[in-house]
Amino acid sequence: MSRHGWWLGILLWLSLPAVAVERLTVRVLETLPHDINAFTQGLEWHDGRLFESTGLYGQSSLRWLEGDSGEPGRRIMLADSLFGEGLARVEDRLVQLTWREGLALVWQLPELRLLKAFSFQGEGWGLCFDGDSLWMSDGSATLQRRDPADFTLQQRLNVRLGGVPQGRLNDLACVGRHIYANVWKQARILRIRKDSGEVDAVIDASALLPLSQRVSHHEAVLNGIAHDPLSGDFYLTGKWWPRLFRVRFVQAPGAPDAGNSATPALSAR
């Protein structure tokens, strides 16, 4: 490309209209109990139940929670060598990520029988399914679109807020044309456009922190987001939180700016 063409491209990019960023907050509709020993990494709603993936070596599990009570139902412990991460439902199966082991475990519903495992490169953090593709986070500012049939990588989507890369993307929920993403160690959730990677809403969930009765530990952070497509409600919790919340995301007029600073990718969990 000529220097003239390069500068023309920059000018055209600068002339594009900025994506309007909504400022939202959470309205708590219901508070449910949650296992304080669950290091929540993935949350998925299906058929009146919440399915949960928990982490930590020697403590990772796949479990279901009764949607009307939050009480844990069946729990399957993973091998001590596996660190559970994000969780997504693809038709009659659940796909559960592992952190550094390069495996995505495939479970048959409703009995939660392990069928197989896909392999992938890099770290696994969050996962969601949009009806066509799986979307995966790895703690960076890039989401990966993967084929649900064999988990092959199809696309990388760079996530930006006002042009600034947004790292530490963690648990995900696919809803329509958007992906909702927890931001690791922050009390905010990003709403990301799948077609561009632009963040068009920032959800301030800090109101949940004093309600959560979470343990006093720097890792007991907001994580775990699931969407009920029938009601439109979301379920939120955190690592080692004794409470789980059914919420709606609502407008927050006059809310302080969530900040456009970059959040670097980290390899520690």
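Predicted model: local features only at pLDDT ≥ 70, side-chain atom pairs only at ≥ 80, totals over all residues.
Buried means under 20% relative accessible area, exposed means over 50%, and partly exposed is anything in between (1.4 Å probe, protein chains only). Residues are numbered from 1 along each chain as its sequence is written, and side-chain values use heavy atoms, with hydrogens and water left out.

**Overall build**

- The protein chain has two helices and 22 strands; these are DSSP runs numbered from the N terminus, helices being H or I with at least four residues and strands E with at least two.
- Take the contacts (heavy atoms within 4.5 Å) between residues at least 6 apart in sequence: 53% of them join residues at least 24 apart.

**The disulfide**

- A disulfide is a covalent bond between the sulfur atoms of two cysteines.
- Here it is called when a pair of cysteine sulfur atoms sits within 2.5 Å, and the count by this rule is one disulfide.
- C128 and C174 are the partners, at 2.0 Å from S to S.
- Their link is right-handed, with 60° about the S-S bond.
- C128 lies in strand 10 (residues 127–129) and C174 in strand 16, so the pair ties together parts that are 46 residues apart in sequence.

**D171, in strand 16**

- D171 sits in strand 16, which covers residues 169–175.
- Its relative accessible area is 0%, so D171 is buried.
- The side chain of D171 reaches the backbone nitrogen of I225 at 2.8 Å.
- Beyond its neighbours within four places in sequence, D171 is in contact with several residues, including L43, L127, Y180, N223 and I225.

**The largest pocket**

- A pocket is worked out on a 1 Å grid over the protein atoms alone, as an open set of points where a 1.4 Å probe fits, with protein on both sides within 12 Å along at least five of seven lines; lining residues have an atom within 4 Å of a point.
- The largest pocket has a volume of about 400 Å³.
- Of the 23 residues lining the largest pocket, E44, W45, R89, H227 and P229 are the closest to its centre.
- Strand 2 (40–46), strand 6 (84–90), strand 10, strand 16 and strand 20 (222–227) each give two or more residues to the lining of the largest pocket.

- Q155 is in strand 13 (residues 153–158), and Q155 counts as partly exposed at 26% relative accessibility.
- Q155 and R145 are ten residues apart in sequence but 5.0 Å apart in space, C-alpha to C-alpha.
- Their side chains are joined by a polar contact of 2.8 Å; the term covers a pair of N or O atoms within 3.5 Å where, within protein, one must be able to donate a hydrogen and the other to accept it, and residues adjacent in sequence count only if both atoms are side-chain atoms.

- The peptide bond from L109 to P110 is cis, with omega near 5°, and P110 is in the loop between strand 8 (103–108) and strand 9 (113–119).
- L56 is not a glycine, yet has a positive phi of about 85°; L56 lies in the loop between strand 3 (49–54) and strand 4 (61–66).
- R168, also a residue other than glycine, has a positive phi near 60°, and R168 is in the loop between strand 15 (164–165) and strand 16.

Technical notes. Points joined across faces, edges and corners; volume = space filled by probe spheres on them.
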